Amino acid sequence: LQVNASYNSPSVSAQGRVEGYAVTSLAVRQELFQRRLALTLDVSDVLGTAERESTFRGPDFTAYQYSLQDAPVVMLNLRWFINRAMNEKDREGRRGGQDMGDDDF
């Protein structure tokens with residue numbers, strides 16, 4: 001389980017201002033089939049706060065931008081590890097009964 005929270009404070013530049021915003025995301029990972037398959041469910045903007053606003057002004061222009069994410073973004077990632085189980089068995093065999101000398105490295 002992983003929870004991420006990000007906050008960008010308001011900032012001012014020579015031509016304008018960017019308002020502050022906060023984003024929170026949540027991810028859950030589960031490994032299956034002897035750790036050969038990993039499923040990750042990631043939900044970004046869980047609290048619905050990904051609202052961004054900025055205003056820029058110059059002698060010949062004024063630009064205002066406002067964006068709001070309509071809904072949380074949900075992603076499901078699948079990772080298949082091809083050699084993970086084989087490599088772990090090899091390491092266990094080396095630890096089990098062999099003497100670990102300098103020539104093993």
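T24 has its place in strand β4, where strands (E, at least two residues) and helices (H or I, at least four) are DSSP runs numbered from the N terminus. With a relative accessibility of 18%, T24 counts as buried; here buried means under 20% relative accessible area, exposed means over 50%, and partly exposed lies in between (1.4 Å probe, protein chains only). Leaving aside residues up to four places away in sequence, T24 touches V3, N4, A5, V43, S44, D45, V46 and L47, a contact being heavy atoms within 4.5 Å.

A word on the model before going on. This is a predicted model, in which local features need pLDDT of at least 70 and side-chain atom pairs count only at pLDDT 80 or more, while totals for chains, interfaces and linings use all residues. Residues are numbered from 1 along each chain as its sequence is written, and side-chain values use heavy atoms, with hydrogens and water left out.

**The chain as a whole**

The protein chain has one helix and eight strands, and along the sequence they follow the pattern β-β-β-β-β-β-β-β-α. Of its 105 residues, 16% are buried. Among contacts between residues at least 6 apart in sequence, 47% join residues at least 24 apart. The chain exposes about 8,400 Å², and carbon and sulfur atoms supply 52% of that area; accessible areas come from the Shrake-Rupley method with a 1.4 Å probe, and for residues only the protein chains shown count as cover.

**The sheet around β4**

Four strands form an open sheet in the order β1-β4-β5-β8, with antiparallel pairing; two strands pair if DSSP finds at least two bridges between them. The edge strands, each pairing on one side only, are β1 (2-8) and β8 (73-80). On average, neighbouring strands of this sheet are turned by 15° against each other, direction ignored. For such angles, axes are lines fitted to C-alpha atoms (for helices over the stretch in contact), and the values run from 0 to 180 degrees between N-to-C directions.

Strand β4 (residues 21-32) pairs with strand β5 (residues 37-44) in the antiparallel sense over eight bridges. Here R29 stands opposite T40 in β5, and Q30 stands opposite L39 in β5. The β4 and β5 hairpin has four residues between the strands, and F33 takes a positive phi near 50° in it. β5 also pairs with β8 in the antiparallel sense, over eight bridges, and there D42 stands opposite M75 in β8.

**Salt bridges**

Side chains of opposite charge can pair when their charged atoms come close. The structure holds two salt bridges, each defined as a side-chain nitrogen of Lys or Arg within 4 Å of a carboxyl oxygen of Asp or Glu.

| Salt bridge | N to O distance | Relative accessible area |
|---|---|---|
| R17 and E19 | 2.8 Å | R17 35%, E19 27% |
| R29 and E31 | 2.8 Å | R29 39%, E31 27% |

**A nonpolar patch**

L1, V3, L26, V28, L41, V46, L47, V74, L76 and L78 make a nonpolar surface patch of about 1,000 Å². Patches are made of residues with over 30% relative accessible area and no salt bridge, joining like charges within 9 Å and nonpolar side chains (Val, Leu, Ile, Met, Phe, Trp, Tyr) within 5 Å. The elements giving two or more residues to the nonpolar patch are β4 and β8, and β8 gives the most, with three residues. L78 lies in strand β8 and is exposed, with a relative accessible area of 58%.
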